[in-house]
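Subject: Handover of a structure

Dear colleague,

Please find the structure below, together with its sequence. My findings follow it, and I would be grateful if you could read them alongside the model.

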Amino acid sequence: MAKDGKDKEPKRRKRSAQRWAGSDREVEPPHLKAAEDAIDDGVRMIHHALVLALKNRLIVSALRDGEPYSAEHAIDLAQQELDRVVAEQQDSARVTRKALRRAKLAHGRAMSEHDYGQLDVEALELRALVNDSVAERFAAQREDKGFLSSLIEESRGRAWDELGGVVRSRLVRAASIADDPGYAEARAERMREVAFDLGDLAVRPRS
């Protein structure tokens with residue numbers, strides 16, 4: 001009980017309002033929800049791209065470079081990919097803020113898709129906020145062992161799924177001709193074919 005006999009209401013922690021990037025305006029509730037959704041979507045898309053990029057790095061490292069797999073090497077590759085996407089998002093944010101400054105000073109409508117006017121200000125503010133937030137999230141996970149382990153395991157699984165079919169088909173073929181009189185003489189050539197197929201798959205551009 002308070003001294004005056006009245007219960008005091010517990011103090012509620014005031015949630016700090018999020019601000020638009022490059023602006024002193026606070027994000028209003030509808031805009032805040034849109035920003036949170038856009039950030040979550042951006043994180044999901046970047047994570048998917050990270051998995052695919054790391055998968056390709058692991059395949060090329062093993063097949064083209066002859067690098068034996070090790071947890072330390074995989075972590076190094078994963079951190080390199082994280083650094084890359086963080087830098088890309090930060091660069092996009094800088095470019096967007098530059099366009100935002102021009103848009104705030106512009107008069108009238110934009111004259112082309114590469115031009116920005118007053119009507120583009122909110123969209124540019126949202127884009128910069130999303131780029132910055134996505135970059136911050138992935139930068140914070142660079143030293144997160146749990147996140148790195150999960151990213152690597154997902155990437156390795158995808159790499160095996162991609163290469164496993166080629167390996168299995170070759171093994172089935174090899175088993176079917178094992179009794180052939182010329183098997184021993186042709187074995188070296190068949191092994192070269194396997195290496196060629198896997199190497200071609202590793203460096204082939206992805207659609």
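Which residues of α3 are buried? They are Val 121, Leu 124, Glu 125, Ala 128, Leu 129, Val 130, Asn 131, Ser 133, Val 134, Ala 135 and Phe 138. Here, buried means under 20% relative accessible area, exposed means over 50%, and partly exposed lies in between, with a 1.4 Å probe and protein chains only.

Some notes on the basis of these values are in order. This is a predicted model, in which local features need pLDDT of at least 70 and side-chain atom pairs count only at pLDDT 80 or more, while totals for chains, interfaces and linings use all residues. Residues are numbered from 1 along each chain as its sequence is written, and side-chain values use heavy atoms, with hydrogens and water left out.

Confidence

The pLDDT, which is the predictor's confidence in each residue from 0 to 100, averages 76 over the protein chain, and 60% of the residues score at least 70. Where pLDDT is low, the predicted coordinates should not be read in detail.

Overall architecture

The protein chain contains 5 helices and 0 strands; these are DSSP runs, with helices being H or I of at least four residues and strands being E of at least two, numbered from the N terminus. Of the 207 residues in the protein chain, 29% are buried. Among contacts between residues at least 6 apart in sequence, 68% join residues at least 24 apart.

Helix α3

Helix α3 covers residues 121-140, and its 20 residues should span 28 Å at 1.5 Å a residue; the end C-alpha atoms are 29 Å apart, which agrees. The expected span is 1.5 Å times one less than the number of residues. Within this helix lies Val 134, which counts as buried because its relative accessibility is 1%. Leaving aside neighbours within four places in sequence, Val 134 is in contact with Ile 39, Gly 42, Val 43, Ile 46 and Gln 89. Its C-alpha atom is separated by 9.5 Å from that of Asp 41, 93 residues away along the chain.

Helix α2 holds Val 85 and Thr 96.

Is Pro 68, by contrast, buried or exposed? At 58% relative accessibility, Pro 68 counts as exposed. This residue is found in the loop between α1 (29-63) and α2.

A charge over a ring

The charged end of Arg 156 sits over the ring of Tyr 69, 3.9 Å from its centre. The criterion is that NZ of Lys or CZ of Arg is within 6 Å of the ring centre and within 35 degrees of the ring normal.

With kind regards

Conventions:
Contact means heavy atoms within 4.5 Å.
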